[in-house]
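Please work through each task before reading its solution.

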Amino acid sequence: MKQTDFVEIVLPFKDKVFRLAKRLLVSREEAEDATQEILLKLWKNKTKIGDYKNVEAFSMTMTKNFCLDRLKSKQAQNLKIVHSNYTDNNTSLQKQVEAKDSVDWVSKIMEDLPEQQKIIVQLRDIEEYDFAEIAKMLDMNETAIRVNLSRARKTIREKLTNTHQHGIK
Amino acid sequence: MVLNNIETLLEKYNNAETTLKEEAELKAYFLSDNVAPHLEHYKPMFQYFSESKKEQYTKDVPLNTKKTKLYQWISVAAVAILMLGFFIPNWNSGPKTLADYSPEEQQMYLEAKEALAMLSNNFNDGASSLKTLSLASENFNVGLEKANHITEFSETTNKLLKN
């Protein structure tokens, strides 16, 4: 397999890998390192790539495991949890100013979620995978995923409602 | 009516029972500008989701391809062959002086040399006899010049006779 073939396979989901890593590891640098690690692992095993039924799902599982390991490991002591990456120029300025505060809040709320729920919200609400795919990636059954997702969504909603209506932080 | 629909969808959404299509509908609704005031607090959530999806991995991954070193080795081989080409002919050139040959060969060489010397001697003889010939032809030419004088003389006598 040549480099271009590999890039073609990897291109559609490398951003997803990165976003999942960032969801779990919070800081951009850490997420970039993790993504690089995952892609290099895939590259090293490129001869076997044809054997995987679904490279994307496989990579997402790998990412999840890698990031959780990273969080557990002692290296995680050095994790830079502070992040300063909110330079998103895609929305119009007015909208951004209006929403920025609340949008910030959503990310903070999500940081507080348990890891399992973080992953599920990430995969479902942001990457829009269907439940069967998520079940495969996380090696869980769909009911458990739905339960977790429902919990996560309700938590987000509650916290958002609180800040929105009462300004409670 | 639309609002009712959205509210039921939201209920389903919170119970994680919506399909991807329904969720897309919800997203579209909350990203639009006319969100009902009592649902306003959902807005940032969906905004956040759609914004997070835009984030991209921009770093390059150093995929270290195994460079085939074949080409380098080919050049090395080429140089080696060239060097061999320069040196091998000198190894095989064998004995170089007369003393290196066997006596019979030396004998033959000397005989051949003598025969050739004899030939060249005779040839020189022939050449010297040719010299006498050329001397004769020179004299002949002198004679011819003199004969020219005679014809000149006879021409003038003819002119005189005509007159």
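Contact here means heavy atoms within 4.5 Å. The model is predicted, so to speak of local features requires pLDDT of at least 70, side-chain atom pairs count only at pLDDT 80 or more, and totals for chains, interfaces and linings use all residues. Residues are numbered from 1 along each chain as its sequence is written, chains are lettered from A in the order in which they are written, and side-chain values use heavy atoms, with hydrogens and water left out.

**Exercise 1.** Determine how many residues of chain B are in contact with chain A, and what area the two chains bury.

*Solution.* Begin with the count: 34 residues of chain B touch 46 residues of chain A. Next, take the buried area, which is the accessible area (1.4 Å probe) that two parts lose on being put together, summed over both. For chains B and A this comes to about 3,900 Å², with 56% of it on carbon and sulfur atoms. Finally, Tyr48(B), Tyr57(B) and Leu63(B) provide 19% of the area that chain B buries against chain A, more than any other three residues.

**Exercise 2.** Find how many salt bridges there are between chain B and chain A, and which element gives the largest share of the side of chain B that touches chain A.

*Solution.* A salt bridge places a side-chain nitrogen of Lys or Arg within 4 Å of a carboxyl oxygen of Asp or Glu. Between chain B and chain A the count is six. One of them joins the side chains of Lys53(B) and Glu128(A), at 3.4 Å from N to O. For the elements, helices are DSSP runs (H or I, at least four residues), numbered from the N terminus. Helices H1 (2-14), H2 (20-31) and H3 (43-52) of chain B each give two or more residues to the side that touches chain A. Of these, H3(B) gives the largest share, seven residues.

**Exercise 3.** Locate Val26(A) and Ala16(B), and state whether each is buried or exposed.

*Solution.* Val26(A) lies in the loop between helix H1 (3-25) and helix H2 (28-44) of chain A. Its phi is positive, near 70°, although Val26(A) is not a glycine. Buried means under 20% relative accessible area and exposed over 50% (1.4 Å probe, protein chains only). Val26(A) counts as buried because its relative accessibility is 12%. Turning to chain B, Ala16(B) lies in the loop between H1 and H2. Ala16(B), also not a glycine, has a positive phi of about 55°. With a relative accessible area of 0%, Ala16(B) is buried.
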